[in-house]
Amino acid sequence: MPPPRFPSRIEPLSFPVFGISWFSEPSEGGRSIYAYCGGGGSAKTGVNNSVVIFGERNGPRQINTGDNVGIVPKIYQNPISGKLWLLVALGCEVRRYPIDVEDTPEGDESTDDPDQSQVIHMGEESCVTVTANSMASQIALGCESGRVMIFDTTDEKFTTGEKPLSEFSNHTKSVCALDYASGTIGRLISSAKDGTAVIYDDGQVIAGMRCSVTDPSQPKNAPPAKQILVRGCAFADTKGKLCYTVASARRGKAFLAQWEETVDEKTGNKKFVCRSKTAASTCPISAMSLSADLSLLVLGSVEGDIIMWGVQKWKAIKVFREVHHLPVTCIAARPFYSIPGFLRGEEEDGVMIHAISASADSQLGCLTAQRSGRRKKSQSNNDDGPSFFSCSNLMALIYRLLILWIISLIFAPVVQEAKEKCSHVLNQEAINDLPECILNEVLYAPSWTPGITSPPY
């Protein structure tokens, strides 16, 4: 498997990764934080279960999760307090970790948990996906049984009550993905391995969608798929009126579908209608992520391929073949794809990463749609613009002066001899004869000159 071409790259990891989340500020030079989780499962494998966070103020942090392997992380921010949190689904429990946690002083044993995590115990349920709304007032948990649970949350308390705010059992198989509409408090979408997606709003189910993987290019009498997996779902607008799903069978093509909210003329109830269905991959898709600005979809396939899908033109921007040896377990799109400029840490090599992918092959793919890296010009701390006396400009000036000095040393004897042998031409003001004098008397010696064809004595 050849690695992706530069400037994309592959980074080796110490354990298999099953989930990844990426958060950034919507500005050039904005802060960028990403976290991934995974491990070897039980302690018998010898591979620790961990959550790794990059971009914190105190540097990278690795959190040991014990016997519980992290499945899905979610970084979110309270827009009022500015506090950043990390949710992690750990199977039988869900934990919340503060981002930028203060270091515990050496010798301080007052706390058994230096990561200051908070926990929800799932009991007999197994949590496989998590998300939070844009106001950080609700979190949603998706379970392996197909159940979806919604909890109230604040910065002070992980959950404000022992029981969930709402609970739904519309799915018959494991939930694959959850997403809140960013401009609402409670509009949520879920997708599952039962071939369906469900829309919730303010504690009620408002619509259900059954996805199809029927290929128009195949014969009409082709046998239907035994199981349809809706691996990804996301809202395509801030109000939750449009949404995307990606569905596939165990084999064959994967289809991206666009759904739009309408009102049933007979009943007056809201429903979502499929407006388009596009074959996005020749093999099943195992992971999907939509950028926070709703402009870029990234897809990971069971064959290790990564697809960057442009929302505006609704077609693939770039496809990376066999980035991973195993099916892609998780993927994260650049949060603000439509905003130009480097995020913090990207200025050095001039590469804007547009997707981060991972798999059970213990490799992290850092992929870009750029064709080459563009090194950002060095600037001084003065906001008025680049300084003439910056390090790079000063070195260039010294280099040019050195070249001029060497050239002057080489041509100094020539200039001196030209003054001696061609002074009569200058005195006679016959300036037109000066080039011929320099050529014959200084630079070039004719054959009749003594010492060329005959001895000078």
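Helices (H or I, at least four residues) and strands (E, at least two) are taken as DSSP runs and numbered from the N terminus. In the segment before strand 1 (9–12) lies Pro-7, which is joined to Phe-6 by a cis peptide bond with omega of about 15°. The structure is a predicted model, in which local features need pLDDT of at least 70, side-chain atom pairs count only at pLDDT 80 or more, and totals for chains, interfaces and linings use all residues. Residues are numbered from 1 along each chain as its sequence is written, and side-chain values use heavy atoms, with hydrogens and water left out.

Aromatic contacts were examined next. A pair of aromatic rings is described by the distance of the centres and the angle of the planes. Rings of Phe, Tyr and Trp (its six-membered ring) are taken to pair if their centres lie within 6.5 Å; planes under 30 degrees apart count as stacked, over 60 as edge-to-face and the rest as tilted. By this criterion the structure holds 6 aromatic pairs. One of them is the tilted pair of Phe-168 and Tyr-200, with 4.6 Å from centre to centre and 40° between the planes. This pair links distant parts of the chain, since Phe-168 belongs to strand 13 (residues 166–168) and Tyr-200 to strand 16 (residues 196–201), 32 residues apart. Burial is expressed as relative accessible area (buried under 20%, exposed over 50%, partly exposed in between; 1.4 Å probe, protein chains only). Phe-168 is buried at 9%, and Tyr-200 is buried at 1%.

The rings of Tyr-244 and Trp-314 also form a pair, with centres 5.2 Å apart; their planes are at 40°, so the pair is tilted. Tyr-244 is placed in strand 19 (residues 242–248) and Trp-314 in the loop between strand 24 (306–310) and strand 25 (315–320), so the pair ties together parts that are 70 residues apart in sequence. Tyr-244 is buried, with a relative accessible area of 6%, and Trp-314 counts as buried at 15%. The backbone of Trp-314 has a phi near 50°, a positive value in a residue other than glycine. Elsewhere, Phe-15, Tyr-34, Tyr-36 and Phe-54 form one aromatic cluster.

A positive phi, of about 55°, is also found at Ala-136, although this residue is not a glycine. Ala-136 is located in the loop between strand 10 and strand 11 (138–143) and is buried, at 3% relative accessibility. Glu-124, by contrast, is exposed, with a relative accessible area of 85%. Glu-124 occupies the loop between strand 9 (118–121) and strand 10 (127–132). The C-alpha atoms of Glu-124 and Gly-91 are 9.8 Å apart in space, while the two residues are 33 apart in sequence.

Charged groups were also located over aromatic rings (NZ of Lys or CZ of Arg within 6 Å of the ring centre and within 35 degrees of the ring normal). Arg-96 lies over the face of Trp-85, at 3.7 Å from the ring centre. Lys-277 takes up such a position over Phe-255, at 5.1 Å from the ring centre.

A disulfide is a covalent bond between the sulfur atoms of two cysteines. With a disulfide taken as a pair of cysteine sulfur atoms within 2.5 Å, the structure holds 0 disulfides. Cys-176 is in no disulfide, and the nearest cysteine sulfur, that of Cys-233, is 8.6 Å away. Cys-176 counts as buried at 19% relative accessibility. For Cys-243, likewise in no disulfide, the nearest cysteine sulfur is that of Cys-233, at 7.9 Å. Cys-243 is buried, with a relative accessible area of 1%.

Grid points are joined across faces, edges and corners, and a volume is the space filled by probe spheres set on the points. The search of the whole structure finds 1 cavity of 30 Å³ or more. The largest cavity has a volume of about 60 Å³, and its lining includes Ser-24, Glu-25, Arg-334 and Phe-336. The second largest pocket has a volume of about 520 Å³. Of the 21 residues that line this pocket, Val-213, Thr-214, Asp-215, Pro-223 and Ala-225 are the closest to its centre.

Note on methods
On a 1 Å grid over the protein atoms alone, a cavity is a set of points where a 1.4 Å probe fits but cannot get out, and a pocket is an open set with protein on both sides within 12 Å along at least five of seven lines; lining residues have an atom within 4 Å of a point.
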